[in-house]
Structure formats: structure tokens, C-alpha cells
Amino acid sequence: MTEGKRLPQGKVKKRSQLKEIWLRFRKNKLAMFGLILFLALVLMALSAGFFLDYDTDVVKMNMKDRLLSPNAQHWFGTDHYGRDVLARIVWGSRISLVVGLYTVGIAMTVGGAIGAVSGYFGGTVDMVLMRIMDIFLALPGTILAVAIVGALGPGLFNVLLAMSMCRIPQFARIVRSSVISLRGQEFVEAAKACGTKNSRIIMRHIMPNAIGPLVVQATLNMATTILGVAGLSFIGLGIEPPMPEWGSMLSEARDQMWYHPYLMWIPGIFIMLAVLSLNLIGDGLRDALDPRMKN
Amino acid sequence: MLKYIGKRVLLMIPVVLGISFILFTIMEFSPGDPARIILGDYATQEQVDELREEMGLNDAFLVRYGRYVLNAAQGDFGKSYRSNSPVVGEIAARFPVTLKISLMAIMIAVLIGIPVGIISAVKQYSFADILSTMAALLFTSIPAFWLGLLLIMFLSVQHHILPSVGSDTWKHLIMPSLSLAAAQMATIIRMTRSTMLEVIRQDYIRTAKAKGASSRRVVFHHAIKNALLPVITTVGLSVSNLLGGALIIENVFGISGLGTVMVNSVKSKDTPLLLGSVMFAAVVAGFVNLGVDVLYTYVDPRIKAQFVKKTKRQGAGT
Amino acid sequence: MGEHLLEIKDLYVEYVTDDAHVYAVNGIDLFLDRGETLGLVGETGAGKTTTALSILKLLPEKVGRIAKGSILLAGTDVTAASEAEMRLLRGETVSMIFQDPMTSLNPVLTVGDQIAEVLQLHKKYKDKAGVEARVDEILKMVGLPPERKQDFPHQFSGGMKQRIVIAIALACEPLLLLADEPTTALDVTIQAQVLALMNELKQDLDTAMILITHDLGVVAQTCDRVAVVYAGEIIETGTVEQIFSGDRHHPYTVGLFQSIPDLKKKTRRLHPIDGLMPDPTDLPSGCKFHTRCPKCAQVCMERRPKPWEEDGHIIRCHLFAKGGPEA
């Protein structure tokens with residue numbers, strides 16, 4: 001009952017805190033630039049379906065128009081199968097963002113749950129879970145992803161699965177350390193003394209306080225995921241053609257890059273912009289959440 | 001100290017076992033029959049069955065895994081399905097190139113990254129600082145393989161300065177190392193800058209200034225050593241990241257190193273070769289981390305002291 | 001008295017950041033003679049540490065600056081001195097003991113190196129052996145065994161660290177020692193030891209000292225003269241006797257004394273001063289204390305009071321200005 005009374009108050013306080021973070025974030029010009037850039041990419045991905053048809057505009061070969069340099073009709077030119085590069089770039093933003101979002105979503109949920117359980121209960125549970133995480137962490141992320149994709153075979157779903165598995169340990173570690181530092185604090189002790197269930201303590205009392213570093217990590221992680229997926233596709237172990245993934249577009253452009261350099265410039269620049277925007281947002285969020293670091 | 005290193009090496013064993021188990025399990029689910037891969041498409045079903053029996057592929061999963069681990073413990077990591085040569089030999093032949101470009105890359109990243117990070121912090125908000133911060137931001141966001149392609153285009157195709165493909169001379173290794181180094185260099189710049197900024201604000205820096213030390217002395221004698229402690233960890237992580245990055249960069253530059261071995265073994269379902277090379281990479285990464293931790297104890301007197309105390313106490317106990 | 005060792009005239013210090021303009025010190029005048037101890041008393045944020053840092057010219061870079069006034073230290077005008085000139089003064093003519101000994105020492109250098117550094121910087125000894133001998137000597141002076149110079153700061157307790165900080169500060173036998181709450185971070189029992197040590201060394205070396213504190217007991221024990229600082233101004237200054245007894249005081253000083261318990265008198269209850277120090281980004285007009293002053297009059301809100309003086313006892317309050325506040 002007291003819980004019900006206290007909650008609205010907590011919410012009011014949290015909202016003002018969020019507002020404060022937003023105000024600090026807004027002051028950071030680079031972070032705002034990142035946010036605008038990212039929103040533009042999201043808009044591009046969302047609108048792709050309205051004026052592009054996947055089968056006719058994105059993947060259908062059109063050999064008579066192949067390798068046209070950028071012109072009024074094809075702003076970004078066409079590739080060696082005569083497909084419009086702009087259409088493929090626009091559709092490709094969907095793939096990158098979807099894989100990025102899902103990967104981070106899955107990794108954050110699973111990793112977060114593991115970390116929370118591990119940190120909250122400690123002891124043997126913690127030891128076993130963390131040793132398993134250590135096994136995953138012992139390998140450089142790319143190698144693990146390649147091994148998993150190799151076993152499962154390439155393709156959107158398998159790449160997503162492999163990338164998520166690689167990222168789980170990082171989230172588990174972050175949540176675990178937040179939970180451990182919060183576990184001993186009075187408000188958790190107080191909730192325990194009231195007889196609150198463990199799951200409720202974790203979700204209601206601990207997680208809201210651990211969310212800051214988690215969001216920062218998620219943003220930066222999405223950036224590395226987009227890079228990673230592009231890399232996998234580039235070596236032919238990621239998203240398979242004819243799907244217009246930016247990394248695989250680069251891979252296809254390799255044979256043409258001497259004579260048609262735009263085929264190499266454009267997808268690369270888009271990968272860079274997507275990753276840059278997320279990095280800027282992540283940095284900005286970190287500074288906004290921890291104002292001590294600035295100045 | 002030796003005791004500690006020994007303990008750490010022993011701790012690597014369960015990790016490597018875990019990795020092999022996970023990979024073994026994953027490969028079990030992947031389609032494709034090893035016997036068919038070895039014999040090729042023209043072999044008869046009988047020949048394939050015969051080979052399966054011979055290789056023990058019909059045994060239960062755990063039996064096969066156990067046999068693999070036992071053999072591996074004796075140094076026999078099996079033979080590659082494709083080339084039929086021992087996995088150990090294959091890795092030994094391919095690893096040196098990867099090691100070379102990784103070492104060159106880490107040297108570039110450290111030798112440029114740390115000084116730039118320090119200058120950036122000491123001259124905070126100066127033009128040099130803004131420039132290096134921007135460059136670092138950009139380099140963390142550029143895909144290494146794209147950077148590699150750009151380098152090939154400018155330095156090999158347009159200006160013929162460096163050879164683009166292969167690994168015959170040290171010149172061949174410059175561009176791969178540069179493309180590998182860029183992202184790690186950026187990370188090191190950012191890390192050095194932020195820890196240096198934090199250190200400069202510490203009270204003991206003010207104490208040093210109050211003694212009459214010049215700002216140059218304050219930076220070099222008092223600040224750097226403190227600031228580099230966290231950077232050492234970053235460098236350790238970078239080495240591990242480089243091994244992963246090499247996988248893709250080797251592909252760009254047509255270098256047949258450990259990364260290529262892994263990618264090819266994945267593509268051709270060459271389980272023994274994949275297992276061997278991934279476990280090898282894990283061990284290398286493990287030793288790098290161990291090296292970083294050992295280095296730490298030598299640089300930071302606080303950790304060293306902790307460590308000495310611990311061993312002393314242990315000594316007293318036994 | 002001739003020339004003072006330190007003379008600060010009409011000093012104004014500001015901190016300027018993107019978000020705020022802080023008026024930390026607003027027109028401080030003070031002087032100090034050789035061998036003398038001055039207590040700088042006031043609440044946290046009154047501008048005591050800022051004053052001390054200005055003497056060293058070690059205000060936070062880019063943010064803090066001396067806006068007006070002069071600081072004359074042993075014949076050098078600090079406000080006009082170059083960085084190179086200041087380096088010669090720091091550590092040799094004037095040195096400082098900072099508040100927190102836990103963070104004042106470099107964790108990765110041995111304490112011996114850190115003491116030796118100040119000697120080497122000011123070229124006190126020709127050879128290494130001379131420096132080492134002096135390090136041993138100074139460690140003995142502060143009551144630590146010389147063998148421990150090879151140890152790192154984390155191997156010492158808080159009180160011992162402060163002894164090391166004192167050793168560094170006094171190694172070159174400076175003319176002026178700035179001690180910024182040197183005992184605040186220490187246990188009560190250690191506080192007395194460290195204070196006694198500082199007093200003893202100061203007398204041996206004939207060093208003048210500015211002791212920054214908010215502990216009036218410490219002031220009574222160690223200081224010759226006292227300056228009470230409020231919102232970046234010295235509102236009352238005089239000898240210890242003048243401040244601790246006598247009946248003419250600034251209302252703030254009165255409040256300060258009423259807010260500490262006195263064991264000799266049967267005090268019914270403590271009288272803390274109401275309210276808080278004014279926001280240094282937005283100082284009140286007139287007398288800065290008028291917002292909290294029980295005797296505030298119209299003139300207090302309008303004009304900054306002129307100093308009233310008698311035998312070196314100076315009070316900045318309209319109550320004592322010619323004709324009182326009504327004029």
C-alpha cells in the first residue's frame with residue numbers, strides 16, 4: 001500500500017531527472033548532430049516501403065542499365081546488375097537498423113537478466129553464470145560471430161542470432177556490476193524488510209537505477225553491431241545477396257571499384273554515418289548522465 | 001608471481017574447453033557430412049559410409065567430443081577435412097602473417113594513439129585537441145575493410161606506392177596494418193585523453209605544481225604514469241580486437257593468415273580446422289590478457305603491493 | 001614594521017564558466033609578517049581556499065582569474081609575475097598544505113621521490129647524496145622513520161600522509177606556509193598531533209603561516225591574528241585577543257561564536273546563524289551579510305560598509321561606521 005503511494009512521487013522525480021538529462025544532452029552540439037543524423041536514417045528506413053517495391057526496385061536485375069554513373073535518374077548510379085544504388089542504400093538502412101535494434105534488444109534482455117540474477121543472488125549462481133560469460137568473452141567478438149554463423153549458415157536470422165550471442169556477456173557484466181553496487185543500499189534493504197519478492201525488487205527498485213549505463217552501452221553496442229554485420233556480409237558470411245546489405249554491397253563493388261569508385265564510396269559513407277550517429281549519441285548520453293565528467 | 005601466472009594459465013583450460021564444447025555443439029547442428037566433404041561429390045554412398053565408420057562419426061556426440069578433447073590434450077588436433085594435413089601444422093604455417101600485421105597495427109595504434117591522446121588532453125579545447133577528437137570519432141566509425149579498400153584505391157591503384165595484394169614483403173603489410181590500426185588507435189586516443197583529463201584534475205597534480213614543478217614536468221613526471229594505467233587495459237583489449245579484425249582485413253588484402261583459415265574452414269565445414277584455429281585464437285587472447293595483468297602489477301605500486309601481501313600471507317599460511 | 005612578508009590589497013577573484021560567473025573573492029585586504037600566523041576563518045565557500053590559491057597563482061586554469069588587486073609576496077607582485085617567476089616562488093618561498101592528504105600525494109611515486117622533488121626543483125643540494133640526506137632529515141623532523149621513504153603513499157595512514165605533505169611543504173624552509181584545513185580530513189586524536197607538529201616546525205624554521213580553518217578552537221591555539229571571511233570579504237580582523245574577547249564585533253563573528261558550544265559557560269542552547277551564505281553567482285547589494293544580519297538597517301542594503309579600525313582591529317559593518325547605521 002505504501003508502495004502505491006510512493007510510486008507516483010518517484011515518477012515525478014524521475015521525469016524531472018529525465019528532463020534534466022535531456023537538457024544537458026541538447027546542449028551538446030555533437031550529440032544533437034548524431035541524433036538528427038540517426039533520426040534521418042530511421043526516417044529513411046521507415047519510408048522505404050512507401051515508394052520502393054523490394055522485388056522490382058531493389059533486387060531486380062536490369063542489365064541494359066548496368067554501371068551507370070550517378071545521374072539525374074539514378075542519383076547514386078547503378079551497380080553491375082543495373083540496380084539503382086539509391087534504392088538499395090535506402091532498403092539497406094532497414095536491414096542495418098533492424099539487425100542493430102534486434103541484436104541489442106535480445107542481447108540486452110538476455111544479458112540483462114543473466115547479469116541481474118547473477119549480481120542479485122551472488123554465490124554459486126553468480127560464479128557459474130560469470131564463468132560461462134567468461135568463455136564467451138575469451139574470444140574476440142568477430143571470431144565468435146564467424147564461428148556461429150559458420151555453423152548455422154549465413155542469412156539474416158542467423159546473423160542476428162550470432163551477433164546477439166556475442167553481445168550478451170557485455171550486458172550481463174554491466175547489469176551485474178550495477179546490481180552489486182545497488183544491492184547493499186538501504187532502499188533495497190528496506191524493500192526486502194517489507195517482504196517484497198525478489199523479482200519485484202530487481203525489476204522495480206534495482207533496474208531503474210541501473211538503466212543509465214545500460215542505455216549508453218546499448219547505443220554504442222548498436223554501432224559496433226552495424227559495423228560487425230557489414231564486416232560479416234563483406235566476407236560473405238552475413239546477409240546474403242541479393243539482399244541489399246551495405247557491407248555486401250561493398251563486397252560486390254570490389255571488382256568494379258577501379259572504374260566505378262562511387263559504388264565503393266556510397267555504401268561505405270552510409271555505414272560510417274550510421275555508426276557515427278550512434279557513437280555520438282552514446283557519448284552524448286554518457287556525458288549527460290554523468291555531468292561530473294564534463295569540465 | 002610465477003605462482004600467479006601458473007594459476008592464470010591453468011584457469012585458461014576450462015575456458016578453452018568451454019569454447020571447444022560450444023563450437024563442437026554448434027558444428028553438430030550445421031548441415032553437411034564430413035565424410036562427404038572429404039571424399040567429394042563423386043564418391044559412392046558406400047565409400048562415404050565406410051569413411052564415416054573409420055572416422056568414428058557414427059559414435060554418440062559426447063563420445064566424439066571426449067575423444068577430441070583427449071587427443072587435443074596430447075597435442076593432436078586432428079586433420080583438416082579439406083587438405084588432410086594436421087591442423088597444428090596449418091595454424092603454425094598461417095599464424096605468423098597474422099601476428100605480423102597485428103603487431104604492426106598495435107605498434108601504430110599505441111605509438112600514435114597515446115601521444116596524440118596526451119597532447120589532446122593537455123591542450124584541451126585547442127585546435128589540435130578538436131582535430132584529434134574529431135579524427136578519433138571518425139576512425140571509430142569507419143569500417144576497417146572500407147578503409148582498406150580506400151587505401152588500396154589511393155595508394156596502389158592511383159599512385160602505385162604500395163602493393164595491394166599478398167604478403168610477400170613488409171611493404172605488403174603496411175596497408176593491412178594501417179586499416180587494422182585505425183579503429184584501435186582511435187579508441188586509444190579517446191581513452192588516453194579522458195584518463196589524462198581526469199588525472200590532471202587530481203589533487204596530487206596541484207601538489208606538484210605547488211612545489212614549483214613546470215607544466216612539462218607535471219605532465220611527464222606526475223600525470224602520464226597515472227593516466228597510462230587504464231590505457232594498458234585498453235591496449236590489451238585492442239590486441240584481442242585486432243585478432244578479430246584480421247579475419248576481415250586479411251580477406252580485403254588477400255593475405256592467407258589465421259583469419260583466412262577460420263573463414264575458409266567455416267565456409268567449407270572443416271570442423272577440426274575451425275575448432276583448432278578458434279581455440280588457438282582464444283589462447284593467444286588469454287595470454288595477451290595475462291600479459292596485461294602482469295604488466296599492471298609492475299606499473300601500479302598499489303596492485304603490486306596487494307599482490308605481494310597476498311603471496312606473503314599465503315606463504316605464512318602454508 | 002617596515003615591509004610585510006605578504007600584503008594583499010583589494011583582491012578580487014572570479015571563476016568564469018559557460019554556465020556561471022562566480023564572485024569568489026571580493027576585495028580582500030590582508031598582511032602577514034615573518035614568523036606570524038594568521039587564521040583565516042569562515043564557512044565553506046567563503047573564499048578562503050581561493051585566496052590561498054591566488055597567492056600561489058594556482059587558480060583553476062582557464063576558469064579562475066584575479067580580476068583586480070595586488071598580492072605582494074616577499075617583494076614580488078604575484079599578480080604580475082610570469083609563470084617562470086612563480087615556479088621559483090612555489091615550494092621555496094611559499095608552499096601549501098592541502099586539505100585532503102589522501103589525494104594530495106601521487107600514488108605511483110615513492111614518498112621519498114616526492115619529497116626529493118621539491119629540493120631538486122629548487123636546486124637546494126648539489127648532489128644526490130645531499131638531497132637524500134635532507135629527505136632523511138625532514139622525515140625525521142615530521143616523526144617518520146627515514147627508511148620508509150621507499151614506500152608508496154598507499155602504505156601510509158591518513159595522519160602519516162599528512163606528515164609527508166607537511167614534510168614536502170617545509171623541505172625548502174619556505175617563508176610562508178599556506179595550510180588549507182590541514183586537519184579536517186584526519187581523526188580527532190591525530191588532528192592535535194599534526195597541529196602540534198606544524199606549530200613546532202613553524203617556530204623552528206621561523207615560517208609565517210596562513211591557517212585556513214573553520215575550527216575556532218584551532219585558531220585560538222595556534223594563531224596570532226585572525227581574519228573572518230564572509231562571502232569573499234574579510235568582515236573582521238584583529239589579534240586573537242581582539243577577536244575572541246572585547247565587545248565590539250561584526251554581527252557575523254558574534255553569530256559564529258554563538259554557534260559553538262562553550263564548556264565554561266552554561267549555555268542554554270546554541271544559536272546558529274539563520275539562513276545560508278549568499279549565492280556567489282548572485283551576491284546581495286550593500287553589506288553581503290545583510291540578508292542574514294539580525295541588526296540589518298536600510299543603509300546595509302545599499303552601501304558596502306567602510307572599515308572601522310582601532311589598534312589594528314578592523315570591522316566592516318555600518319554599526320561601527322561614524323554615527324552608526326542611521327547616518
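## Contacts within chain B

Take the contacts in chain B with a separation of 6 or more: 71% of them come from residues 24 or more positions apart. Keep in mind that this is a predicted model.

## What chain B is built from

Chain B has 13 helices and 0 strands. Read from the N terminus on, its elements simply go α-α-α-α-α-α-α-α-α-α-α-α-α.

As for size, the C-alpha trace of chain B covers about 85 × 70 × 30 Å along its principal axes. Chain B has 318 residues, and 42% of these count as buried.

## Where chain B touches chain A

Now for the neighbours. On the chain A side of things, 36 residues of chain B are in contact with 33 residues of chain A. Several helices of chain B each supply at least two residues here: α1 (2-29), α6 (127-141), α7 (144-158), α10, α11 (258-267) and α12 (271-299).

What kinds of residues does chain B bring to the side that touches chain A? They divide into 26 nonpolar and 10 polar, with no charged ones.

## Where chain B touches chain C

Chain B also meets chain C, with 18 residues of chain B in contact with 25 residues of chain C. On this side of chain B, at least two residues each come from α9 (203-210), α10 (215-253) and α13 (301-317). Which of the helices gives the most to the side that touches chain C? That's α9(B), with 6 residues.

The make-up of the side facing chain C is 5 nonpolar, 6 polar and 7 charged residues.

## A look at Leu67 in chain A

To finish, here's one residue up close. Leu67(A) sits in a loop of chain A, between α3 (54-58) and α4 (85-121). Leaving aside neighbours within four places in sequence, Leu67(A) is in contact with Thr78(A), His80(A), Gln256(A) and His260(A). Leu46(A) is 21 residues away from Leu67(A) along the chain, and the C-alpha atoms of the two are separated by 27 Å.

Why does Leu67(A) count as partly exposed? Because it has 15 C-beta neighbours inside 10 Å, and a residue needs 20 or more to be buried and 12 or fewer to be exposed.

Methods
Residues are numbered from 1 along each chain as its sequence is written. Chains are lettered from A and ligands numbered from 1 in the order in which they are written. This is a predicted model: local features need pLDDT of at least 70, side-chain atom pairs count only at pLDDT 80 or more; totals for chains, interfaces and linings use all residues. Two residues are in contact if their C-beta atoms, placed from the backbone, lie within 7 Å. Helices (H or I, at least four residues) and strands (E, at least two) are DSSP runs, numbered from the N terminus. Ala, Val, Leu, Ile, Met, Phe, Trp, Tyr, Cys and Pro count as nonpolar, Asp, Glu, Lys and Arg as charged, and the others, Gly among them, as polar.
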